[in-house]
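Please keep the sequence and the model in view while reading.

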Amino acid sequence: MGSATHYETNRTRRDWRMSAVLLLILAGMLFPLAWMVVGSVSPHFDARWFNPLTSNPKWSNYTDLFSSMPIGVYLWNSALVAVVVTVGNVLLCFPVGYALARRRFWGRGFLHWSAVIVLMVPPYVLIVPMFALIHQLGWYDTLWAITVPALVHPLGVLLVKSAVSGVPI
């Protein structure tokens with residue numbers, strides 16, 4: 001009976017230590033958010049000093065923001081692009097990944113290694129050619145320029161391929 005109590009005491013101490021470590025990590029993650037909120041309501045914000053007890057918070061900064069810019073339109077566009085790109089990746093990556101995992105066809109290895117090689121190319125190399133293509137298509141300053149290039153990602157294809165390969169037939 002003594003060893004069970006000793007085990008429970010060690011376990012309780014370990015749990016408290018783990019909780020303390022996780023709380024410190026949480027505080028470290030929430031600190032930038034708190035800094036942002038305090039800075040957004042401070043009348044004269046200086047980014048070098050963090051004063052959470054500002055004497056005169058200026059909440060009108062938010063009303064000024066929403067009245068001076070179409071924030072609702074920006075939020076709607078962001079949500080629309082996120083949903084379209086996510087659905088497009090699911091609908092377009094799954095058939096390709098499934099075909100690479102389950103079907104035997106000519107060029108299968110080439111397609112697989114093409115996806116791997118495309119992942120090795122830094123995205124910064126593609127900025128200028130992508131801009132030229134988007135400008136030629138007349139998509140400059142439209143949502144098409146954001147959504148269409150992101151509809152299929154080689155990482156999504158390879159993830160689906162490995163997931164489908166792991167499922168027994």
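## Overall architecture

Read from one end of the sequence to the other, the protein chain follows the pattern α-α-α-α-α-α-α, with seven helices and zero strands. The model is a predicted one, and the values below are computed from its atoms.

Of the 169 residues in the protein chain, 15% are buried. Among the contacts with a separation of 6 or more, 57% are accounted for by residues 24 or more positions apart.

## Packing of α3 against α7

Two packed helices are described by the angle between their axes and the distance between the axes. For α3 and α7 the angle is about 50 degrees and the axes are 7 Å apart; the two helices are therefore oblique to each other, and α3 passes α7 in a right-handed crossing.

On the α3 side the contact involves Cys93, Phe94, Val96, Gly97, Tyr98, Leu100, Ala101 and Arg102, which meet Gly156, Val157, Val160, Lys161, Val164 and Ser165 in α7. Sorted by class, this contact has nine nonpolar, three polar and two charged residues.

Val96, one of the α3 residues in this contact, is partly exposed, with a relative accessible area of 38%.

## Packing of α4 against α7

Helix α7, which covers residues 154-165, is also approached by α4: the axes of the two come within 9 Å and cross at roughly 135 degrees. An angle over 145 degrees would count as roughly antiparallel, and α4 and α7 are therefore classed as oblique to each other. In this case α4 passes α7 in a left-handed crossing.

The residues that make the contact are His112, Ala115, Val116, Val118 and Leu119 of α4, together with Pro154, Leu155, Leu158 and Lys161 of α7. By class, the contact of α4 with α7 has seven nonpolar residues, one polar residue and one charged residue. Lys161 is listed in the contact of α7 with α4 and also in the contact of α7 with α3.

His112 is found in helix α4, which spans residues 108-120, and it counts as buried because its relative accessibility is 19%, where the limit for burial is under 20%. When its neighbours within four places in sequence are left aside, His112 is in contact with Leu100, Leu158 and Lys161. Leu100 belongs to the α3 residues that meet α7, while Leu158 and Lys161 are α7 residues in the contact with α4.

Asn89 lies in helix α3, residues 71-102, and is likewise buried, with a relative accessible area of 18%. Not counting residues up to four places away in sequence, Asn89 touches Phe94, Ala150, Leu151, Val152 and His153.

## Aromatic pairs

A search of the whole structure finds five aromatic pairs. In one of them, the rings of Phe31 and Trp35 have their centres 5.4 Å apart and their planes at 85 degrees, so the pair is edge-to-face. These two residues are four residues apart in helix α1, residues 2-41, and are thus separated by about one helical turn. Phe31 counts as partly exposed at 37% relative accessibility, and Trp35 is also partly exposed, with a relative accessible area of 25%.

The rings of Phe94 and Tyr98 have their centres 6.4 Å apart and their planes at 25 degrees, so this pair is stacked. Being four residues apart in helix α3, Phe94 and Tyr98 are separated by about one helical turn. Phe94 counts as partly exposed at 44% relative accessibility, and Tyr98 is partly exposed as well, with a relative accessible area of 33%. Both Phe94 and Tyr98 are among the α3 residues that meet α7.

## A backbone exception in a loop

Most residues other than glycine have a negative phi. Asp141, however, has a positive phi of about 65 degrees although it is not a glycine. Asp141 is placed in the loop between α5, residues 127-137, and α6, residues 144-147, and counts as exposed because its relative accessibility is 72%.

Key: Residues are numbered from 1 along each chain as its sequence is written. This is a predicted model: local features need pLDDT of at least 70, side-chain atom pairs count only at pLDDT 80 or more; totals for chains, interfaces and linings use all residues. Side-chain values use heavy atoms; hydrogens and water are left out. Buried means under 20% relative accessible area, exposed over 50%, partly exposed in between (1.4 Å probe, protein chains only). Contact means heavy atoms within 4.5 Å. Rings of Phe, Tyr and Trp (its six-membered ring) pair if their centres lie within 6.5 Å; planes under 30 degrees apart count as stacked, over 60 as edge-to-face and the rest as tilted. Axes are lines fitted to C-alpha atoms, for helices over the stretch in contact, and angles run from 0 to 180 degrees between N-to-C directions. Angles under 35 degrees count as roughly parallel, over 145 as roughly antiparallel, 65 to 115 as roughly perpendicular and the rest as oblique. A crossing is left-handed if the near helix is turned anticlockwise from the far one by less than a right angle, and right-handed if clockwise. Ala, Val, Leu, Ile, Met, Phe, Trp, Tyr, Cys and Pro count as nonpolar, Asp, Glu, Lys and Arg as charged, and the others, Gly among them, as polar.
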